[in-house]
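The exercises below go through the charged pairs and the overall dimensions of one protein model. Each task is followed by a worked solution.

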Amino acid sequence: MELGKQALERGKDFIVGRWKADYVVNFFSDDLKHIPAAEFKSDGGTDMTALCFEFGADHGVTVYAPSFTSPKKGVWSQTDYTEYAWDFEVLEGLPESGFLDNAKKLTVYEGDLVFSLGFLTVALKKQV
């Protein structure tokens, strides 16, 4: 699908900025409830609110996470009216798979950006 200039501008206006993890959905749960990112903790005790993405107007994206020794750089593009794709240097060299395809896809859902990591879906909320 080819998006017009106006749709691409609206898409850019929507995504450019800082986004932080807001909630997680575990598809193995019985009720698919939204788990606040602050309650979803790593083995080291860091909660998911520490995960932050900055999308630039130049189509660059930077991810910040406590487990990284330095921020990771990537690129983003708009693929549909409510879908985006991103790719990061840390993903290079991984074999193609459905897991990787889903991890590289962002979907707009109720004003949030969501992506999947296996059986988890992570929702990002734009910071103002």
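**Exercise 1: Asp112**

The side chains of Asp112 and Lys125 make a polar contact at 3.0 Å; a polar contact is a pair of N or O atoms within 3.5 Å, where within protein one must be able to donate a hydrogen and the other to accept it, and residues adjacent in sequence count only if both atoms are side-chain atoms. The model is predicted: local features need pLDDT of at least 70, side-chain atom pairs count only at pLDDT 80 or more, and totals for chains, interfaces and linings use all residues. Residues are numbered from 1 along each chain as its sequence is written, and side-chain values use heavy atoms, with hydrogens and water left out.

Solution. 
- Step 1. Strands (E, at least two residues) and helices (H or I, at least four) are DSSP runs, numbered from the N terminus.
- Step 2. Asp112 has 5% relative accessibility, so it counts as buried. The classes are buried under 20% relative accessible area, exposed over 50%, and partly exposed in between, with a 1.4 Å probe and protein chains only.

**Exercise 2: Salt bridges**

Task: How many salt bridges does a search of the whole structure find?

Solution. 
- Step 1. The search gives four salt bridges. The criterion is a side-chain nitrogen of Lys or Arg within 4 Å of a carboxyl oxygen of Asp or Glu.
- Step 2. Lys125 and Asp112 form one of them, with N to O at 3.0 Å. The pair links distant parts of the chain, since Lys125 is in strand β9 (residues 120-126) and Asp112 in strand β8 (residues 112-117), 13 residues apart. Lys125 is partly exposed at 37% relative accessibility, whereas Asp112 is buried at 5%.
- Step 3. Arg18 and Glu54 meet in a salt bridge with an N to O distance of 2.3 Å. Arg18 lies in strand β1 (residues 17-26) and Glu54 in strand β3 (residues 52-55), so this pair ties together parts that are 36 residues apart in sequence. Arg18 is partly exposed at 39%, and Glu54 is partly exposed at 27%.
- Step 4. In the salt bridge between Glu83 and Lys105, the closest N and O atoms are 3.6 Å apart. Here strand β6 (residues 83-88) holds Glu83 and strand β7 (residues 105-109) holds Lys105, 22 residues apart. Glu83 is partly exposed, at 24% relative accessible area, and Lys105 is partly exposed at 37%.

**Exercise 3: The whole chain**

Task: What pattern does the protein follow along the sequence, and why does it count as being as compact as a globular protein of its length?

Solution. 
- Step 1. The protein has two helices and nine strands, in the order α-β-β-β-β-β-β-α-β-β-β.
- Step 2. The radius of gyration is 15 Å, close to the 14 Å from the globule rule for 128 residues, so the protein is as compact as a globular protein of that length. The radius is taken over C-alpha atoms, and the rule is 2.2 Å times the number of residues to the power 0.38.
- Step 3. The C-alpha trace spans about 45 × 35 × 35 Å along its principal axes.
- Step 4. Of the 128 residues, 34% are buried.
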